[in-house]
Amino acid sequence: MKTVELTNVSRWYGNVVAINNVTMTLGSGVTGLLGPNGAGKTTLLHMMSGFLAPSQGELRIGGEPAWRNPGIYRHLGLVSEREAVHGFLTAWDFVVASAKLHRLPRPEEAARRAIGLVEMADAQDRRIETFSKGMRQRTRVAAALVHDPEILLLDEPFNGMDPRQRLHMMELLHQMGGSGRTVLFSSHILEEVEEVSGTVQVIVAGRLAASGDFRTIRRLMTHRPHVFAIRSSDDRRLAVALMNEESVNGLDLNQAGLTVRAGNYGAFTRALPKIALREGLRVRQLIPSDESLESVFSYLITA
Amino acid sequence: MNLTIAGITARGLFGRRRFLLLFPLPVLLLVLTVAAKSTGVDPEHWAPSVIDGMGFAVMLPVIALIVGTGVLGSEIDDGTVVHILAKPLPRHQIIVAKLVVAAGITALTSAVPMFIVGVLVDSARFGVALAVACLVAALGYSGVFLAMSLVTRRPVLVGLLYVLIWEALLGNVLTGTRVLSIHQYALSVTHAIAPNDLIKAHVGLPAALAMSAVFLVGGALLAIDRLRSFSVAGETS
């Protein structure tokens with residue numbers, strides 16, 4: 001088994017810190033690299049794939065340094081976020097060229113297998129520039145898998161795929177993880193990561209915010225206090241009634257309306273209509289004010 | 001040499017629209033030569049301007065610039081270079097393949113019209129001299145322009161500055177700069193193979209050959225080193 005090891009890795013651009021002292025070890029199985037846009041996922045993947053030098057710290061792929069070491073690509077497959085491909089080549093030519101550049105003994109055979117894995121055999125003789133975004137993505141995955149790598153890094157691999165293709169790609173990643181390979185994929189979509197991987201590394205603002213089993217982290221996320229902005233026909237009476245509700249942790253009443261901090265999202269949203277009905281109040285506005293993924297992630301840092 | 005990379009590079013170059021930019025100048029050179037010759041005026045009066053002023057000073061470096069910055073620079077621009085770099089290949093294999101394609105295409109597209117011009121103007125020997133000079137210069141220019149596409153983000157601009165300011169302008173005003181001018185090496189090679197009054201050499205042949213090799217090898221070594229440390233800029237982070 002080949003591992004990806006990061007020890008106190010930082011990367012900065014001038015005064016801007018993109019990755020801040022990240023330490024992690026990735027072993028066999030599928031790991032999701034989760035974080036909001038701009039958190040540093042791509043920077044981290046670029047460093048892992050040898051396309052960016054860490055400003056500080058050590059980064060090893062299968063025990064070898066990743067920077068200035070093309071040898072790592074014998075064990076590493078990379079699907080970068082940027083979807084540029086040699087559009088003038090057919091999918092077949094592109095994947096066979098990848099196999100030849102890897103110096104595989106039977107490049108055609110390897111290409112046929114890789115193209116079959118991503119279900120692109122029917123379109124393999126078309127030029128890549130005629131492909132949809134999802135087809136291009138699958139072709140790039142085929143090229144990354146052609147040498148059967150022990151480590152596979154994918155940057156936002158589900159971008160541009162339709163639901164069926166997405167499901168198929170998820171199965172493929174599952175299979176690879178299940179057969180003992182180290183698979184890391186990045187995503188900013190919580191549900192995507194949940195479906196594919198049991199282990200996640202959550203990165204927020206360049207820092208590793210959480211790491212480990214997805215369910216534990218998800219529980220932390222759902223049990224955090226939720227903030228709602230409410231306006232009703234009588235905010236004061238509603239506030240009094242809500243104070244008796246168990247899921248409410250705190251209230252703030254002011255001229256703009258009512259701000260409620262709920263400990264349990266589901267219980268509160270079920271209870272509010274009942275309370276309003278019982279009190280004969282009309283709820284005019286209910287806005288969950290911190291539902292962005294960023295706020296979920298930033299909660300993790302302080303949790 | 002890595003034939004897979006050379007093949008992809010050549011197909012990429014021919015597939016891009018900028019490849020069409022290679023043809024107007026050779027055609028113009030041939031048209032000018034045929035037109036001037038048909039007037040019956042002694043070549044002594046017009047051939048230096050056509051061969052040196054147009055062929056060596058404009059056509060050859062412009063073709064070399066388009067091709068030399070195109071073989072790697074356009075792959076860096078559009079990000080496709082990552083597919084080639086994410087392979088367990090020693091970086092010198094990539095650079096050598098790119099150099100061979102760049103120098104080969106540059107030499108071919110410039111040497112053929114120059115050979116014809118040489119034959120029309122003087123003799124087959126003069127044609128061969130011009131063609132060999134194109135080959136030597138193509139090697140030097142390709143080394144420089146390939147390295148430029150890894151050293152700067154604006155290789156075409158920097159390359160144009162070298163050709164227009166250093167070679168064309170300073171080369172005429174400050175004679176000392178001619179030692180570092182690939183244009184002058186082409187003239188020296190031509191003069192050595194077919195000495196006549198049409199082309200004047202200002203740099204000795206040994207120096208011209210040695211300096212061409214320095215440009216080629218130096219450019220290649222610089223490019224290999226820069227490619228080893230090639231970084232991808234993060235777009236979303």
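Two strands are taken to pair if DSSP finds at least two bridges between them. The model to which this is applied here is a predicted one.

On that basis, chain A contains an open sheet of four strands in the order S2-S1-S4-S5, and the pairing is antiparallel. Which strands stand at the edges of the sheet? Strand S2 (16-26) and strand S5 (64-65) of chain A do; each has a single partner strand, so one side of each is left without a neighbour in the sheet. Between them in the order lie S1 and S4 of chain A. Strand S1 covers residues 4-13 and strand S4 covers residues 56-61, and the two chain A strands are joined in the antiparallel sense over five bridges. Within this part of the sheet, A:Glu5 has A:Arg60 of S4(A) opposite.

The secondary structure of chain A amounts to ten helices and 14 strands. Its C-alpha trace spans about 75 × 45 × 35 Å along the principal axes. Chain A has 303 residues, of which 41% count as buried. Taking the contacts in chain A between residues at least 6 apart in sequence, 67% join residues at least 24 apart.

Chain A also touches chain B. The contact draws 31 residues from chain A and 25 residues from chain B. On the chain A side, helix H1 (41-48) and helix H2 (91-101) each supply at least two residues. H1(A) gives the most to this side, with four residues. Sorted by class, the side of chain A that touches chain B holds 14 nonpolar, eleven polar and six charged residues.

What does A:Val95 touch, leaving out residues up to four places away in sequence? Its contacts are A:Ala111, A:Ala114, A:Ile115, A:Ala142, A:Ala143 and A:Val146. In soluble globular proteins, nonpolar side chains tend to be buried together.

Definitions and conventions
Residues are numbered from 1 along each chain as its sequence is written. Chains are lettered from A and ligands numbered from 1 in the order in which they are written. This is a predicted model: local features need pLDDT of at least 70, side-chain atom pairs count only at pLDDT 80 or more; totals for chains, interfaces and linings use all residues. Two residues are in contact if their C-beta atoms, placed from the backbone, lie within 7 Å. Ala, Val, Leu, Ile, Met, Phe, Trp, Tyr, Cys and Pro count as nonpolar, Asp, Glu, Lys and Arg as charged, and the others, Gly among them, as polar. A residue is buried if 20 or more other C-beta atoms lie within 10 Å of its own, exposed if 12 or fewer, and partly exposed in between; C-beta atoms are placed from the backbone.
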